[in-house]
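Subject: Structure handover

Hi there,

Here is the structure I promised to pass on to you.

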Amino acid sequence: MKSPRLLFVSLLAGCFLSAPVFAADPSGSWKWSVEFNGQSFESTAKFEARDGQLTGTLSGQMGEMPISDGSFKDGVVAFSLVIDGNGNTFVIKYHGKLEADAIVGSIDVPGFNGGEPVKLDWKAARIAEPKKPDEPAKSR
């Protein structure tokens, strides 16, 4: 009788210890501000993570753009923005670690017009989603 009980307790402990790993999920809305060349740029994003893939859109000064090459693995968020400006394509890469309701990392910005690439600090904050009202009980 002790073996089934011990097995059950071990299984239950494993579930509780692994819960924080499964709870980490970047899906949802995020916002941040980045300083570059003396200007502040505000951005928001909406992410969806599933099976290691990260999809979504980023909204900022240039409007809304889809993210590409998005991934989420071992708590690390990574994605790119591909920008086509006047026939030139630029790729801006985001990389950060999910820490509760924040993503902390860096943004790699390519050099423009022959300039040097720039690495910027990145700290995004999760936007609290409004709670949905409880649905009324359905009658049978």
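Asp108 and Lys119 meet through their side chains in a salt bridge, with 3.2 Å from N to O; the term stands for a side-chain nitrogen of Lys or Arg within 4 Å of a carboxyl oxygen of Asp or Glu. The pair links distant parts of the chain, since Asp108 sits in strand E8 and Lys119 in strand E9, 11 residues apart. Strands (E, at least two residues) and helices (H or I, at least four) are DSSP runs, numbered from the N terminus. Asp108 counts as partly exposed at 29% relative accessibility, whereas Lys119 counts as exposed at 58%. For these words, buried is under 20% relative accessible area, exposed is over 50%, and partly exposed is in between, with a 1.4 Å probe and protein chains only.

Before the rest, a word on the model: it is predicted, so local features need pLDDT of at least 70 and side-chain atom pairs count only at pLDDT 80 or more, while totals for chains, interfaces and linings use all residues. Residues are numbered from 1 along each chain as its sequence is written, and side-chain values use heavy atoms, with hydrogens and water left out.

**The other salt bridges**

The structure holds 3 salt bridges. Asp101 pairs with Arg126, the closest N and O atoms being 2.8 Å apart. This pair also links distant parts of the chain: Asp101 is in the loop between strand E7 (88-99) and strand E8 (102-109), and Arg126 is in strand E9 (residues 118-127), 25 residues apart. Asp101 is partly exposed, with a relative accessible area of 49%, and Arg126 is partly exposed too, at 26%.

Glu48 forms a salt bridge with Arg50, and their closest N and O atoms are 3.6 Å apart. Glu48 is partly exposed at 38% relative accessibility, while Arg50 is exposed, with a relative accessible area of 57%. As background, side chains of opposite charge can pair when their charged atoms come close.

**Strands and turns**

Strand E5 (residues 68-73) and strand E6 (residues 76-85) run antiparallel and are joined by 4 bridges; strands pair if DSSP finds at least two bridges between them. Phe72 stands opposite Val77 in E6. E5 and E6 form a hairpin with 2 residues between them, and Asp74 in the turn has a positive phi of about 55°.

E6 is also joined to E7, by 10 bridges, and these strands run antiparallel. Phe79 has Tyr94 in E7 as its bridge partner. The hairpin of E6 and E7 has 2 residues between the strands, and Asn86 in its turn has a positive phi of about 55°.

Positive phi turns up in two further loops. Asn37, in the loop between E1 and E2, has a positive phi of about 55° although it is not a glycine; Asn37 is exposed, with a relative accessible area of 67%. Asp51, in the loop between E2 and E3, has a positive phi of about 50° and is not a glycine either. Asp51 is exposed at 75% relative accessible area.

Ser106 lies in strand E8 and counts as buried at 15% relative accessibility. Leaving aside neighbours within four places in sequence, Ser106 is in contact (heavy atoms within 4.5 Å) with Lys93, Tyr94, His95, Lys119, Leu120 and Trp122.

Gly28 is in strand E1 and is buried, with a relative accessible area of 16%. Not counting residues up to four places away in sequence, Gly28 touches Ala45, Lys46, Phe47 and Glu129. The C-alpha atoms of Gly28 and Glu129 are separated by 7.7 Å, although the two residues are 101 apart along the chain.

**The largest pocket**

Which residues lie nearest the centre of the largest pocket? They are Phe36, Phe41, Met62, Ile83 and Ile92, among 24 lining residues. The elements giving two or more residues to this lining are strand E1 (28-36), strand E2 (39-50), strand E3 (53-60), strand E4 (63-66), E6, E7 and E8. The lining divides into 16 nonpolar, 8 polar and no charged residues; Ala, Val, Leu, Ile, Met, Phe, Trp, Tyr, Cys and Pro count as nonpolar, Asp, Glu, Lys and Arg as charged, and the others, Gly among them, as polar.

A pocket here is an open set of points on a 1 Å grid over the protein atoms alone, where a 1.4 Å probe fits, with protein on both sides within 12 Å along at least five of seven lines; lining residues have an atom within 4 Å of a point.

Best wishes
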